[in-house]
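User: Hey, I'm new to this one. Can you walk me through it?

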Amino acid sequence: MSANRDEYKKAGVNVEEGYKAVTLMKDHVKKTFNNNVLMGLGSFGGMFDLSFIHEEGIKKPVLISGTDGVGTKLKVAFELDKHDTVGIDLVAMCVNDILCHGAKPLFFLDYIATGKLEAEKAESIVKGVTDGCLMSGLALIGGETAEMPGFYSENEYDLAGFTVGIVDKDKIVNGANIDAGDVIIGLPSSGVHSNGFSLVRKILNDNNIDFNTKFKNTDKTFGQVLLEPTRIYYKEVKTLLDKVNVKGMVHITGGGFYENIPRVLPKGMGAKIDKNSWNKPEIFDELKRLNNIDDNNMYATFNMGIGYMVIVSKGESLKAIEALKNENLLGYIIGEVVSEEGVSL
C-alpha cells in the first residue's frame with residue numbers, strides 16, 4: 001500500500017516537494033565528494049573514512065568541530081530574493097573557526113528550516129553550501145531540510161551548519177607560544193561578512209534606505225554589497241602553515257577586534273593595531289557616516305576590512321607576506337603583540 005500524505009499536506013508539509021528538493025540538490029552535493037565519503041545522500045548518517053591519516057603521517061589525530069549560522073544577513077537574501085551565496089557564508093562561519101587551530105577541514109553538514117519548502121530555492125541555497133565546501137576542501141556528507149509551517153513564515157528560512165576538521169595533536173595552533181613583539185598579519189575581508197547585521201539593518205532603516213538603494217557611485221545596491229559572501233581563508237591558512245611557524249590565528253566575527261583578538265593571546269598580553277595599515281571596504285565608512293558611530297563601536301562590532309588574523313614571529317613576518325603574495329593572496333602587517341592586556345587601536 002502506498003503512503004497517503006494528503007492530511008500532512010493539508011497541515012502545510014509537502015513531502016513531495018522535499019523529495020524534489022533532494023533530487024535537485026544531489027548533483028551539487030556530489031561535486032564535493034572524495035574517496036573518503038562512504039555513503040551518498042539518503043542514508044541515515046554521513047560516513048567519512050579516516051584511514052587517510054596514516055598516509056598523511058598524522059600520528060596523534062585530534063578532531064576539531066565548529067558550528068554556526070548566517071544570522072540576520074538572511075533578511076537581505078529574503079528581500080532581494082537571492083539565495084545562492086548565503087550557503088557560502090554558512091560554510092565560512094564554521095570553517096574559518098576551526099582553521100584557527102590549524103585544522104584540515106574534512107566534512108560539513110547543513111540544516112535548512114523553513115515555513116514553506118520551495119525545491120528550487122532550497123537547491124539554490126545548497127548550491128551555495130557546496131560552493132563553500134569546494135573552496136574549503138570539504139565534503140558535504142549530509143544535511144536536513146525541515147518544513148515547519150506556523151513556526152517560520154512562508155518566505156523565510158534559517159540556516160545552520162556543522163563542520164569537522166583534523167589536526168595532529170602536536171601541531172595544534174593555540175596561541176600558547178605567542179610572545180610580545182610578535183607580528184599580527186591581517187587578511188582582508190570581502191565586506192561585512194556575516195556579523196553585525198542587526199545593527200546594519202537598523203542603520204539603514206533609521207536612514208530610510210532599503211536594500212535596493214544604489215550604493216554610492218556604483219552600479220550595485222546596498223543589498224548587493226551586503227550580500228557579498230564571507231571570505232573563506234582556507235588557502236591563506238594552508239599556505240602560511242606550510243611556510244612559516246604560525247603561533248596563533250583569529251577569526252574576526254561578532255565582537256569585532258576587541259573580543260576576538262584576546263581569545264588567542266596568553267594571559268597578560270594584548271595587541272596594538274595600526275588601523276591605517278590596510279584598505280577598508282567603503283561600506284564601513286558609509287555605515288559610520290550614516291549613524292555617526294565612533295571608531296570604538298565600529299571595531300567592537302564589525303571586521304572593518306580584516307576578517308582573519310595570523311600571528312607570527314617578527315623574523316618571519318615578511319616571509320609570511322611573501323608566501324601569500326606568491327599564491328596571489330593578500331596580507332597586511334597590521335600590528336604587534338604587546339605585554340599589556342587589551343586591544344589598542
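**The cavity and the sheet**

Analyst: The lining of the largest cavity has 5 nonpolar, 1 polar and 3 charged residues. Here Ala, Val, Leu, Ile, Met, Phe, Trp, Tyr, Cys and Pro count as nonpolar, Asp, Glu, Lys and Arg as charged, and the others, Gly among them, as polar. The model is predicted: local features need pLDDT of at least 70, side-chain atom pairs count only at pLDDT 80 or more, and totals for chains, interfaces and linings use all residues. Residues are numbered from 1 along each chain as its sequence is written, and side-chain values use heavy atoms, leaving out hydrogens and water.

User: How much space lies in the largest cavity?

Analyst: About 50 Å³. A cavity is a set of points on a 1 Å grid over the protein atoms alone where a 1.4 Å probe fits but cannot get out, and lining residues have an atom within 4 Å of a point. The volume is the space filled by probe spheres set on the points, which are joined across faces, edges and corners.

User: Which helix gives the most to the lining?

Analyst: H6, with 3 residues. Helices (H or I, at least four residues) and strands (E, at least two) are DSSP runs, numbered from the N terminus.

User: Switching topic: what's the strand order in the open sheet?

Analyst: S6-S8-S5-S9-S7-S10, with mixed pairing. Two strands pair if DSSP finds at least two bridges between them. S6 (248-251) and S10 (342-344) are the edge strands, each pairing on one side only.

User: And how do S5 and S9 run?

Analyst: Antiparallel, joined by 4 bridges. In one of these strands, S9, glycine 335 is the bridge partner of isoleucine 184.

Technical notes. On a 1 Å grid over the protein atoms alone, a cavity is a set of points where a 1.4 Å probe fits but cannot get out, and a pocket is an open set with protein on both sides within 12 Å along at least five of seven lines; lining residues have an atom within 4 Å of a point.
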